[in-house]
Each structure stands twice: as structure tokens, then as C-alpha cells.
Amino acid sequence: IIHLNCLGQVLTRENVVDVIKFAYKEKLFLLADEVYQDNVYAEGSKFHSFKKVLTELGSPYSEMELASFMSCSKGYMGECGLRGGYTEVINLDPEVKAMLLKSVSAMLCPTVLGQTVMDCVVNPPQPGEPSYESFQKEKNSVLKSLAERAKLVADTFNSIPGMSCNPVQGAMYAFPQFKLPERAIKEAKNQGIEPNAFYAFQLLENTGICIVPGSGFGQVEGTYHFRTTILPQPDKLKAMLDSFKSFHLKFLEQWE
């Protein structure tokens, strides 16, 4: 379960409950990628831990196998050069857990710096401690800026003819849907590639902007999407979106 990631949507508690019950019914091992748990921007949205909901549901769901993931290279920290993270595994069969620990112990571990940063993530400054106020100020500033960029990206895509974009509720990505002219779709098929991949290559070649075609995410047949990030700094993000909009209008003019 890629929680909050990929589509920029935040799972409601009801969504999490549905996933847990489905996994129980189908006897599945739950994998909860929760590295963006702090990156929630939309009003009314909230992060719900799979472990917490699992426990609240009680037996038999609270006895399910679950692995939760967290990292210091994602989220509000965004320190992609500092690699470190953890996996919390619960209710795992003892013999399987023994083999897992044996396997992990034989692997390379993160650098000392990465482990130090991870310790700061799980043990942040507490109220009354010397660095608490400066820590909170920087954290809130980062999340506020990301929320503003999330809104800017969604609003811009929604202003472009033939495009629609859900609000970016969390994480760092937008997943707009867009319509393609029939001639462009036909040309893509002639080249043996997905229509939204054709669009992505045209965008890259003409503007240098790199997006991920939605066909890689299991989109509904006959619809076209792409994934893009909200991470660039505001001035660069605005310039990128202006360039994107200009390209899209020219693309429509060329292929309609």
C-alpha cells in the first residue's frame, strides 16, 4: 500500500479500514509505505497509521501481519542525500522473523550520518528543550511552502484546456488527467508506444520537463494521465508550469 504517495491523495480512515479488511479476507501481508505521513496539506485530510487502525479494529484484524516503513530521505525532511529508514514489523511468524533478521543483518546498513538523522526524525526536540522552537519553525515553514506549491500545481493544471487535476492532498506529486487529440493517439500507436508516453517524450524534447506517463500506474483504459512533482522551489515551479502550459497549447494546436 503506497500511502499518500503516487497520486497525491490521502487515504481516509474508512479507506484504511477497507484495505485492512480486504487484506484479511484475501490473507495478504500488509506493507504500509508511510514515509509521507507528515506531508498532509488539504483541509479535512489526516494521516491514519495502518498499525493504529489495525489495533483499534481489534481481533482478528489486530493479529494481522504488517510492515510499516519510514525514512529520513522523504517527507518534510526531504534530505534525499541522507539515506536512512526503518521497518516496523508486527505479528510476524517467529520463524519467518528470524530469517528476516538474519537476512537484514547480512546487508549493508545506512551510513552513520543517515542513522543519526533517522534518530532525529523519530526523536525530535520536545517542548521546553532549547531547539524546539527553531525546529518547529523550520518544519512548519517547509510544510507551508509545500502546501502552497501543491495548490499552485493543481490550480494551474485545472486552468489548462483539456486538463483536470484533483487537489494535491499530500505527499509530493500531482496526477492530472488530460485529453489527447485523436491524431496524436494514432501517431503514438503508429510508433508502438502509449499515447501518454508519446506526450511525455514530446514534452521532454521541447521543454526539458520530465514527467511520468500514467500508463505505468494502471490508469483506466481510454484515459490519459501523468505524474509530476511539486518539489521545485516556487520561482522555478512557476516557470516550469508556464512552460508546460505553453507547450500543451501548442501541442493541441499541432495535433487537433
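## The sheet

Three strands make up an open sheet of mixed pairing, ordered S1-S2-S3; strands here are DSSP E runs of at least two residues, helices are H or I runs of at least four, and both are numbered from the N terminus. Two strands count as paired if DSSP finds at least two bridges between them. At the edges lie S1 (30–33) and S3 (85–90), each pairing on one side only.

A word on the basis: this is a predicted model, in which local features need pLDDT of at least 70 and side-chain atom pairs count only at pLDDT 80 or more, while totals for chains, interfaces and linings use all residues. Residues are numbered from 1 along each chain as its sequence is written, and side-chain values use heavy atoms, leaving out hydrogens and water.

## Strand S2 and its neighbours

S2 (residues 66–71) meets S3 in the antiparallel sense, over six bridges. Across this pairing, Ala67 faces Val89 and Ser68 stands opposite Glu88.

On the S1 side the strands run parallel, joined by four bridges, and Leu30 stands opposite Leu66. From S1 the chain passes through helix H2 (residues 50–57) to S2 in a right-handed β-α-β crossover (clockwise from the first strand over the helix to the second, with the strands pointing away from the viewer).

How enclosed is S2 by the rest of the structure? Largely, because five of its six residues are buried (under 20% relative accessible area with a 1.4 Å probe, protein chains only; exposed is over 50%, partly exposed in between).

## An exposed methionine

Met107 sits in the loop between helix H3 (94–105) and helix H4 (112–122). With 55% relative accessibility, Met107 counts as exposed.
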